[in-house]
Amino acid sequence: MKHTKRYLVGLSTLLLLVVGGGVALGRALNKDDDLMEDMTPKSMDAILSEIRSLMQDYSIEAYIVPSVDAHNSEYMSLHDCRFQYVTNFTGSSGTAIITLTQAALWTDSRYHLQAEDQIDPAYWTLMREGLIGVPTRDEWLTSVLSPGAQVGTDPFLIASTEFERLGAVLGRGGYRLITLERNLVDIVWNNRPPQTAEDLRTMPLEYTGKRAAEKVADLRLVMQEQGADVIVISALDEIAWLLNLRGSDISYNPVFFAYLLVSHGNLHLFTSTERINETIREHFRAEGISADVRDYRDILAGIEEYVRGGNRLIVSTACSQALYAAIPADQRLQVYSVVAKMKAVKNPTEAAGMRRAHVRDGAAVVRYLHWLETVVDGGNVTELTGAAKLQQFRSEQDLFVDLSFTAISAFGPNGAIVHYSPTEETDLPITRDGIYLIDSGGQYLDGTTDVTRSVHLGVPSAFQRECFTRVLKGFLSVASAVFPVRASGTVFDVLARKPLWDVGLDYGHGTGHGIGSFLGVHEYPPSFVSNSASPSNQGLVENMFSSNEPGFYEPGQFGVRIEDIVQVVRAQTAPHDFNGRGALSFYTNTVVPIQRKLIDIQLLSPGEIAHLNNYHRRVLEEVGPLLLRQNDPDAYQWLVEETKEITVS
């Protein structure tokens, strides 16, 4: 759908004066002034030199640039890509710290290879998080700062919990963490893309399963239990879900820039007021809610009004320091996001929609893999053209809206870069001489998908087959697990890794992430990670959805990952029911065959083979008829072959 673009001035472009717990707003920067600026891209030397000059003006020795926006979003609008602008690194997770003489970038193992390729070592030092001998941000800062030095950051771009933690660490060393009145990157970024505020999409009950009024009522019950008068909601996916609205302000993420204050009697929505037209107002009426709509920039004033009234306000542990500091300690209650926990448990309509969306998505992926097999010998398929063809197949499916992220279409050595995205400079041809990893997903009105398959179109080596099969064993261990209600995500992370650990192999990313219902492809909770203290590790309950995605990556050679979306359901095979606690298992929503050629059958147990055969039988039963209805009998015959039963002689 084509929309007229409008522009939304971000809070970080406002003049801010932070004094104790209060924040005073100055005038918004005049965007017309930008027209008089030199829009020529600046060199890295110029960017860092100008930032360092500003740091001296603010009397700080270090400046922190995180890879988030004011809503702690994982994916950025172009307007908010400050981290990318100053580093040239396009990974979705990292932290940059600039001092007067040095600059360092921290990122986790998913992005080590990518960061090596993208950052300029003449200006930046790569800190590979998780490796022995690599200093943490805390350690590095305290080693380079002079006595009594100040470290600056943007209060809208640092979580309050991280601000408190880092502030305490620096304080013990005699240093000070402060928030600045301006974002220094914004000042030097002369050709910064404008922020868009696109039209909103209303979501009917047939997809949401619950009216906004019911969701708000549920939320107010929790507020009452917590003894709170107001809740401050800043996460964009939470606002979209609660109001049954969707947007397109961030690519692939159907969200819109907004804040929401919910009291026991009112809803205050802070967004671009121009897009709240009669269609949206009628939606609110149909959903049984009434919203006071105010300008996006008024959020701090809105909080202050409730503070002056003596109200007690809830903020999430992920909220920014700016919002947190606007509420006095005796009026503030900070908890893990109430709305995130509500949203993570899909209602029956959402759950059914997710299953339907995955069948259609499975048909698109099957058509693509069949197409790839038939054309690969022509030598004209590359990572980019392959991803484009898969997008075409998805776009032909009912209820398709967009991709859910940029496809990780990675052949051979590029597959070892966990979150690789092909560019014209890195685009490799797909051939029969290596493993091709395709991690992709779609946004449908009734669900969000995320699937990874690794295939070899030629003859895999023994080592490639072993690695693939050990990843598959961990994948099947998670998929077949029976576990008690509220089991920790750490359990599944260990189950997935054990077959690799048995021979000294591992992977450097988590094993599973939550996923939205026509919302973010990465949502939390749940979370399958090694760190049991992770805030998003809330324990599993029925109708949570998660990815199941172990992998293995041989640098410079290949990558293997298998990923499905699984749904937490009641277990049918646990007679003792964990002494009444309740037994759960997983239902696999994704329906795409797993390549048998890459499997070393000798490494699989009879139970694992039976599970895989049962899965492939269901893939054929659910996707096959759809392929025939879509008039693709060749893809259907390919699927018949790919799902044939595995037998052991």
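Strand 10 (residues 230-233) and strand 12 (residues 259-263) pair in the antiparallel sense, with four bridges between them; strands are DSSP runs of E with at least two residues, numbered from the N terminus, and two strands pair if DSSP finds at least two bridges between them. Within this pairing, I231 has V262 of strand 12 as its bridge partner.

The model is predicted, with local features needing pLDDT of at least 70 and side-chain atom pairs counting only at pLDDT 80 or more, while totals for chains, interfaces and linings use all residues. Residues are numbered from 1 along each chain as its sequence is written, and side-chain values use heavy atoms, leaving out hydrogens and water.

Both strands belong to an open sheet of six strands, in the order 14-13-12-10-15-16 and with mixed pairing. Its edge strands, each pairing on one side only, are strand 14 (291-295) and strand 16 (332-335).

The table turns to the whole protein.

| Property | Value |
|---|---|
| Box of C-alpha atoms along the principal axes | roughly 75 × 60 × 50 Å |

Of the 649 residues, 58% count as buried, that is, under 20% relative accessible area with a 1.4 Å probe, protein chains only.

Definitions and conventions. Buried means under 20% relative accessible area, exposed over 50%, partly exposed in between (1.4 Å probe, protein chains only).
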